[in-house]
Amino acid sequence: MSAASPAPLPQRNSKVARTYEIQFFRDGRWLIDSMFDERSLALFEAQRMAEGTRYTCVRVVEEVFYEASGRLVNTTIFRGGKHPEEIQKELRGAAEVRRQVIRETPKKQNLRKRGKYEETSAADEPLINIWTMLKAGAAVVIGIAFLYGLNYLQEITR
Amino acid sequence: MLDASQTTTERPAGLERRLVFRLLSHWRDLAGDSGFPSFADVDPFAIPDIWPFCFVLDTTEFPDDPIVRVAQPGVCGDGGNIINRHISALAPATLINHACSYVDEVLRKSVPISRGGDFIRGDGVRILYRSILLPMSDDGTTICGIWGGANCREVKAV
């Protein structure tokens, strides 16, 4: 059970609207329990719910809406309760995504933006190398065959 | 206007003091796993310390402009008779008007929402308030009304 960064954020900024959703995990998905306009109240209530027996897992999602850009940013600021296997799997998945984002180089990011980058796992790499070598070999064979073909055509036409 | 300290019922030690949390907990108890509680489940005598700060909105006929069906002295204060009035007809600088200001969001999201803020009352006194709106349903799925609770305090000018 942990509450991240308890320092209160500014609540009444005309350019930024913040809401706090308390969510609970049931039947394999997160459902909204209630919504608050104050971080401290949402955290307090979520903590209380997490300590009770009714909910397996509780979290608080902070929704920040930037009016100027129309951007909506969701951040989980609290997780509490017992974490069943399903949620642990989800957490591991999220952690892996975070690691990938951190690993990602600007070149990869550009390729991904243009839809030209596909993520491969380390286990696929030997297969990819063999496939690349086969393709290169095929290109060489086709090139040589083309040259022979040209040569043959020249001899015929002579 | 009633203050929480004016209610005579003693609460067991360790129970949450704040009105919105107590009302939300009670709403959850009534709802169980069925989604939404019914108004038939609400027993004012079971919540004598909360009930004086409650109100009920009927959303069946006019979901865009619900009708006030119940308003206890703690929320309507000296705002006159507001029973059977649409919320658009409520006096602007009143607690119940501010407490009802986000009813559309509750109907849209179908979850309890708590909001707070401040306003200047007709006599020039600044009022801090906290409110909660809870969706209610007779069949467990379709929202037929809103159970609300709100309390406030005056902020003395320094």
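Two strands count as paired if DSSP finds at least two bridges between them. Helices (H or I, at least four residues) and strands (E, at least two) are DSSP runs, numbered from the N terminus.

## Basis of the model

This is a predicted model, in which local features need pLDDT of at least 70 and side-chain atom pairs count only at pLDDT 80 or more, while totals for chains, interfaces and linings use all residues. Residues are numbered from 1 along each chain as its sequence is written, chains are lettered from A and ligands numbered from 1 in the order in which they are written, and side-chain values use heavy atoms, with hydrogens and water left out.

## Chain A overall

Chain A contains four helices and five strands, in the order β-β-β-α-β-β-α-α-α from the N terminus. Contact here means heavy atoms within 4.5 Å. Among the contacts in chain A with a separation of 6 or more, 52% join residues 24 or more positions apart.

Chain A has 158 residues, of which 25% are buried. A residue is buried under 20% relative accessible area, exposed over 50%, and partly exposed in between (1.4 Å probe, protein chains only).

## Strand β2(A) and its partners

Strand β2 of chain A spans residues 16–26 and pairs with β3(A), residues 29–36, in the antiparallel sense over seven bridges. Within this pairing, A:Glu21 lies opposite A:Met35, and A:Tyr20 has A:Phe36 as its bridge partner. Two residues separate the strands of this hairpin, and A:Asp27 adopts a positive phi near 50° there.

β2(A) also pairs with β4(A), residues 57–66, again in the antiparallel sense, over nine bridges. A:Ile22 faces A:Val60 of β4(A). Nine of the eleven residues of β2(A) are buried, so the strand is largely enclosed by the rest of the structure.

## The A–B interface

The interface involves 17 residues of chain A and 18 residues of chain B. Together the chains bury about 1600 Å², 49% of it on carbon and sulfur atoms. B:Phe21, B:Arg28 and B:Arg130 lose the most area on the chain B side, together 35% of what that side buries. Buried area is the accessible area (1.4 Å probe) that two parts lose on being put together, summed over both.

Strand pairing also crosses between the chains: β3(A) and β3(B), residues 113–120, pair in the parallel sense over two bridges. A:Met35 has B:Ile113 of β3(B) as a bridge partner.

## B:Glu105

B:Glu105 sits in helix α4 of chain B, residues 103–109, and is buried at 13% relative accessibility. Apart from neighbours within four places in sequence, B:Glu105 is in contact with A:Met35, B:Ser110, B:Ile113 and B:Arg115.

The side chains of B:Glu105 and B:Arg115 form a polar contact at 2.5 Å. A polar contact is a pair of N or O atoms within 3.5 Å; within protein, one must be able to donate a hydrogen and the other to accept it, and residues adjacent in sequence count only if both atoms are side-chain atoms.

## Cysteines

There are zero disulfides over all chains, a disulfide being a pair of cysteine sulfur atoms within 2.5 Å. In chain B, Cys54 is buried with a relative accessible area of 0%, and B:Cys152 is buried at 14%.
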